[in-house]
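Hi,

Here's the structure I promised to pass on. My notes on it are just below.

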Amino acid sequence: MAISHHKVLILGSGAAGLTAAIYTSRAGLGPTLIHGMQPGGQMTITTDVENFPGFPDVIQGPWLMEQMQQQAENVGTVMIDNLIVEADLKQKPLKLKGDSGDIYTADSLIISTGAQAKWLGMESEQKYQGFGVSACATCDGFFYRAKIVAVVGGGNTAVEEALYLTNHASKVYLIHRRDELRAEKMLQDRLLANQKIEVLWNSVLEEVIGKEDGPMPEVTGMKVKNVQSDEITDIELSGIFIAIGHQPNTELFTDQLVMDEEGYLITKPDSTATDIAGVFAAGDVQDNKYRQAVTAAGTGCMAALEAEKYLAELAAADLAAAE
Ligand code: NDP
C-alpha cells in the first residue's frame, strides 16, 4: 500500500477530466489523473463525431479521446490506473483510496467521473445482458450482421444507435414509449427516412425472450406492449439495445457532496465549485442538461482555472499565517 500526496487530483478521463488535466498541467500544478472503469469516458463507445469543433471531417470518438489523453500526457499529466473505492472529503487534505489499497491525498480534487447507461431493470433484460442485450450499439452492433435488432429509447442516443445499427443489421426496431421523439430534428429526419428502421410508437419492451439450451444463452425475440391498447406483440430478433439515458457516477460521494434527486453533483452558479472548498466537479457528473463532449471539456477547463485560483489563495493564506 502506497500513500502519495497531490496538489491536484483529477478523477475520470473523459473530455472533462482530460481538459482539466491539460489546463492544470500547463498552469504548473503537476496534476495526477486517475482513470476510472472506462478510460476515455463515454466518447470511447461512440463512433462518428461531427459536432466537436475544429474537425471539419467526421472523426471517431475513441480517436478524439486518445488525442486528448496524449495532449494531457505531453504537457505533464501523470496518469494512474486505479478504481477509487472510498473518498473522504470532510477532512483536509482530501483523501481517496483505490481498490489496490493505495491512498491518495490531495489539496484539491476535480471530479469528472461522468455518467453511465441506465437499464430498464427487468429480470429478462438482466438475464441476457451480454448475450444479446447491450447498452452500446457501437461496441456490439458488429455481432448483428444481417440480423434483426431493436433499440429502446427516443433520445439522441437511441436514434444514433438505431441509425448506426442499420450498417450491420437487416432490420432495426426503435421502441419508444411516446408518440414523439426527444432526439434532435436532424436525427429524427434521418431515422424516419431510413428504410431499415421501423418505429414502434407508444410501446415498451415487456420481456426479452431467449433460450439457454446452447453453449451460451441467446436472445431470440421480445414481447412489446403498446401502452395505449395494452396489446402485446411477439417479435423475433437477435439483439436488443437499451438507450434510455444515463446516471451519474457519484456513489462515492453520497452524504459528502450535495446532489440533485438523480445523483448529479450540484455546483455553485457559473462555477464548478461544490459545497466543499477545493472540490470541483466537471462534465456529465454535474450536467444533466447539455451532456456534450464540448460542454464537458468546457467545464473541465473551468474546474482547472478554479482549482488554480483556490490553490493560489491557499498558498497565500499559508504564507500569511507563517509570517
Ligand atoms: P435522453 O435522456 O435524452 O433520452 C432518454 C430516452 O429514453 C427518452 O426518449 C426517454 O423517453 C427514454 N426513456 C427513459 N427511461 C425510460 C424507460 N424506463 N423506459 C422507456 N424509455 C425510457 O438520453 P440520451 O442518452 O439519448 O441523451 C443524453 C444526452 O446526450 C442528451 O442531452 C442528448 O442530446 C445528448 N446526446 C447528444 C448526441 C449528439 O449530439 N450527437 C448523441 C447522444 C446523446 P421520453 O422521451 O418519453 O422521456
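Of the contacts in the protein chain with a separation of 6 or more, 60% are between residues 24 or more positions apart, where contact means heavy atoms within 4.5 Å. Bear in mind that this is a predicted model, with local features needing pLDDT of at least 70 and side-chain atom pairs counting only at pLDDT 80 or more, while totals for chains, interfaces and linings use all residues. Residues are numbered from 1 along each chain as its sequence is written, and side-chain values use heavy atoms, leaving out hydrogens and water.

On burial, 46% of the 323 residues count as buried, i.e. under 20% relative accessible area with a 1.4 Å probe, protein chains only.

Now the cores. A nonpolar core here is a set of buried Ala, Val, Leu, Ile, Met, Phe, Trp, Tyr and Cys residues joined through side-chain atoms within 4.5 Å. The largest one has 30 residues, and I10, A15, M68, I110 and F280 have the most contacts inside it. Two or more residues each come from β1 (3–11), α1 (15–26), α2 (61–74) and α7 (293–322); helices (H or I, at least four residues) and strands (E, at least two) are DSSP runs numbered from the N terminus. The largest share, 8 residues, is from α7. Leaving aside neighbours within four places in sequence, A15 is in contact with M65, M68, A293, A296 and A297.

There's also a second, separate core of 21 residues, including Y164, L181, A183 and F241.

Lastly, the C-alpha trace spans about 80 × 40 × 35 Å along its principal axes.

Cheers

Notes: Buried < 20%, exposed > 50% of the residue type's maximum accessible area, 1.4 Å probe, protein only.
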